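Hello,

Here is the structure I promised to hand over. Please have a look before reading on.

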Amino acid sequence: MPSISIPTALRQYAGNLDSIAVEGNTIGEALASLTGQFPDLKKHLYDGAGQLRSFVNIYVNDEDIRYQRQNDTPISDADDISIIPSIAGGVVTEDEIKTAALPDLSNEEVARYSRHLIMPEVGMEGQRRLKAASILLIGAGGLGSPLGLYLAAAGVGRLGIVDFDVVDESNLQRQIVHGTKDVGRPKLQSAKDRLSDINPHIQIDGYETALRSENALGIVRDYDIIIDGTDNFQTRYLANDASVLLGKPNVYGSIFRFDGQASVFYPKAGGPCYRCLYPEPPPPGLVPSCAEGGVLGILPGIIGVIQATEAIKLIIGQGEPLVGRLLLFDALKMKFRELKLRRNPDCPLCGDNPTIRELIDYDQFCGITPTKPQTEEKPGMRELTVTELKERLDRGDKLTIIDVREPHEWQIANLENYGAKLIPLGQVAQRLNEIDPGDEIVMQCKMGGRSAKACQVLDQAGYKNVWNLKGGITAWADQIDRSMPKY
Ligand SMILES: [Zn+2]
């Protein structure tokens with residue numbers, strides 16, 4: 001029987017399996033067999049009209065079924081079938097590198113870069129190209145850290161960094177450009193200090209702002225190469241669109257738990273863009289972010305260094321870039337795979353008849369309404385603050401607290417002392433028999449997002465007396481019990 005590889009983000013809907021044996025002679029039959037075994041997967045793979053969702057790609061071996069016979073694509077037992085969802089990470093032509101105006105290297109620089117200079121693939125010309133080059137890093141976080149460190153060390157003449165965040169303790173597990181002494185400092189300042197220490201010969205320009213439709217073209221225009229180190233879909237589509245509109249290569253990387261992806265989007269060199277791969281973002285909340293789902297600290301190191309390698313190859317004009325190829329990395333299996341990517345002639349951005357000619361509203365495109373949190377829009381959603389909850393518990397009110405996080409999160413911190421019961425969000429619908437509709441119920445998670453979804457499940461099941469705990473256990477740790485660990 002053929003089997004289908006399930007990506008990490010969807011395994012929770014597939015019995016936590018990474019590969020599932022299916023029946024069928026075509027992709028359509030195999031997917032029907034898969035969703036027959038795991039009905040929860042269906043709504044994640046298909047839209048209401050029964051069409052495969054646009055942020056889900058199906059590959060047979062290294063080919064996208066969209067470019068084969070779609071659902072009728074034949075399969076055999078020997079084929080590798082994979083579901084590749086989007087995961088909330090050519091060569092530069094001569095005129096772009098301005099060969100004529102390549103700067104000279106000082107004696108100090110010659111000494112510093114000697115291990116580059118003695119390789120014929122780099123040599124003096126390659127190193128001078130690196131010195132002449134400019135790279136924009138979007139984000140000084142998990143991917144931005146190894147990117148910044150290695151690109152600075154390699155002697156890329158000008159690095160731009162866009163970041164407006166502050167170093168938090170929970171960043172240090174992977175964001176290795178920052179140190180413990182930097183907690184509380186702007187990431188931009190911390191990164192600048194570290195990178196100038198590694199290489200005082202380079203220029204570092206900081207942009208302490210979020211990349212937005214209003215400022216993106218102005219910032220991106222100034223650089224030869226854009227490197228996408230973002231952790232959200234709005235900035236990812238914005239970085240893609242700005243790079244394509246300005247004809248710049250966009251070195252892409254993304255990470256989630258143990259899985260990573262990397263590619264180079266460069267339609268000018270004949271390759272696809274991010275929109276060719278994923279025409280639309282997943283709806284908010286469907287694909288968990290690293291803040292919700294976690295990430296192995298080493299993973300951004302691996303993917304970031306791959307991105308840095310691609311950027312350097314583009315600048316020195318050596319090797320085969322990842323244009324038209326999507327590299328997949330699975331740290332648990334320690335396996336790399338490669339999929340072919342094609343430019344979509346119907347792509348609204350880089351296709352033959354583009355309809356996107358300027359930057360759009362990316363919050364709207366990604367279904368985000370920043371001013372109003374989702375929970376406030378849901379009619380009937382009642383919220384309780386942690387202070388109110390504590391007061392009522394102290395008064396002796398009988399409240400049933402349902403914690404909808406995962407067991408490993410419960411182990412870090414929980415409200416068991418107040419009778420909290422653990423039912424992970426994905427199991428709430430099946431375990432309603434454990435929640436008494438006669439009780440007054442408080443749903444709780446880490447920050448209040450998942451518990452809001454759980455409230456909707458209860459609402460639909462007819463429960464009347466349900467509260468959502470605003471800010472979740474994080475707010476409890478901040479405001480009620482400062483001795484509680486935060487994560
Ligand atoms: Zn495209």
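Below is what I found in it, from the whole chain down to single residues.

The model is predicted.

Overall picture. The chain holds 21 helices and 18 strands. Its radius of gyration is 25 Å, close to the 23 Å that the globule rule gives for 487 residues, so the chain is as compact as a globular protein of that length. The C-alpha trace spans about 80 × 60 × 40 Å along the principal axes. Of the 487 residues, 40% count as buried.

Strand 5. This strand covers residues 80-85 and pairs with strand 1, residues 3-5. The two run parallel, joined by three bridges. Here serine 3 stands opposite aspartate 80. Strand 5 also pairs with strand 3, residues 56-60. That pairing is antiparallel and has five bridges. Within it, tyrosine 59 has serine 82 of strand 5 as its bridge partner.

Helix 20. This helix has twelve residues, 449-460. From first C-alpha to last it reaches 17 Å, close to the 16 Å expected at 1.5 Å a residue. Which of its residues are buried? They are Arg450, Ser451, Ala452, Ala454, Cys455 and Leu458. A reminder for reading that list: an α-helix has 3.6 residues a turn, so residues three or four places apart point the same way. Ser451, Ala454, Cys455 and Leu458 are among the buried ones. After helix 20 comes glycine 462, with a positive phi near 95°.

Best wishes

How values were computed:
Residues numbered from 1 in each chain as written. Predicted model: local features only at pLDDT ≥ 70, side-chain atom pairs only at ≥ 80, totals over all residues. Helix = DSSP H or I, 4+ residues; strand = E, 2+ residues; numbered from the N terminus. Expected span 1.5 Å × (residues − 1). Buried ≥ 20, exposed ≤ 12 C-beta atoms within 10 Å, placed from the backbone. Pairing = 2+ DSSP bridges. Rg over C-alpha atoms; globule rule 2.2 N^0.38 Å.
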